[in-house]
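I opened the notebook on this protein to record its overall build, its helix packing and a few loop residues. My entries follow in the order in which I looked things up.

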Amino acid sequence: MISPETIEANRVHLESVKKRLKGVLDNFDKKNNISEPAKEFGEKGNAYNQKWVANEGNKATNKLLEDTEAALRRIQEGSYGVCVDCLKEINVDRLVARPEASRCVGCQTAKGLHVR
Ligand SMILES: [Zn+2]
């Protein structure tokens with residue numbers, strides 16, 4: 001059972017992560033919003049690929065922000081620490097290592113998702 005102290009510590013952590021991610025996204029140049037890597041090589045292709053890499057990073061940041069906000073919502077609703085799929089408690093060590101986790105390791109693995 002996850003203790004209220006751990007939930008509070010994770011809430012504080014998630015709030016700070018959320019703030020940081022929002023800052024990163026605010027600084028992201030919307031012009032970099034492209035969806036596939038360069039088909040051409042050479043200098044032009046390289047510049048384009050750099051933008052693409054930045055864009056992929058931005059998508060990952062967006063996803064993490066979503067997960068972070070969802071975790072904060074679950075804390076508010078009182079469902080934090082419970083797997084969204086099987087409704088079993090998520091291992092506390094996992095939640096400490098990854099406060100935004102919404103699934104237990106079993107469900108995360110079953111979904112074929114990368115367990116971070
Ligand atoms: Zn589960």
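I began with burial and noted that 12% of the 116 residues of the protein count as buried, where buried means 20 or more other C-beta atoms within 10 Å of a residue's own, exposed means 12 or fewer, partly exposed lies in between, and C-beta atoms are placed from the backbone. The model is a predicted one, in which local features need pLDDT of at least 70 and side-chain atom pairs count only at pLDDT 80 or more, while totals for chains, interfaces and linings use all residues. Residues are numbered from 1 along each chain as its sequence is written.

Next I looked up the dimensions: the radius of gyration is 18 Å, whereas a compact globule of 116 residues would be near 13 Å, the radius being taken over C-alpha atoms and the globule rule being 2.2 Å times the number of residues to the power 0.38. The C-alpha trace spans about 55 × 30 × 20 Å along its principal axes.

For secondary structure I recorded four helices and zero strands, taken as DSSP runs numbered from the N terminus (helices H or I, at least four residues; strands E, at least two). I checked the length of α2 and found agreement, because its 36 residues at 1.5 Å a residue should span 52 Å and its end C-alpha atoms are 52 Å apart; the expected span is 1.5 Å times one less than the number of residues.

I then turned to the packing of α1 (residues 4–27) against α2 (residues 42–77), which pack at an angle of about 150° with axes 9 Å apart. Axes here are lines fitted to C-alpha atoms, for helices over the stretch in contact, and angles run from 0 to 180 degrees between N-to-C directions. In the contact, residues of α1 including I7, L14 and L21 meet residues of α2 including L65, L72 and I75, contact meaning C-beta atoms, placed from the backbone, within 7 Å. I listed the residues of this contact as eleven nonpolar, four polar and five charged, with Ala, Val, Leu, Ile, Met, Phe, Trp, Tyr, Cys and Pro as nonpolar, Asp, Glu, Lys and Arg as charged, and the others, Gly among them, as polar.

In the loop between α2 and α3 I found L87, whose phi is near 60°, a positive value in a residue other than glycine. L87 is exposed, because 10 other C-beta atoms lie within 10 Å. E89 lies in the loop between α2 and α3 (92–97) and counts as partly exposed because it has 13 C-beta neighbours inside 10 Å. Leaving out residues up to four places away in sequence, I noted that E89 touches M1, G81 and V82.

Note on methods
Contact = placed C-beta atoms within 7 Å.
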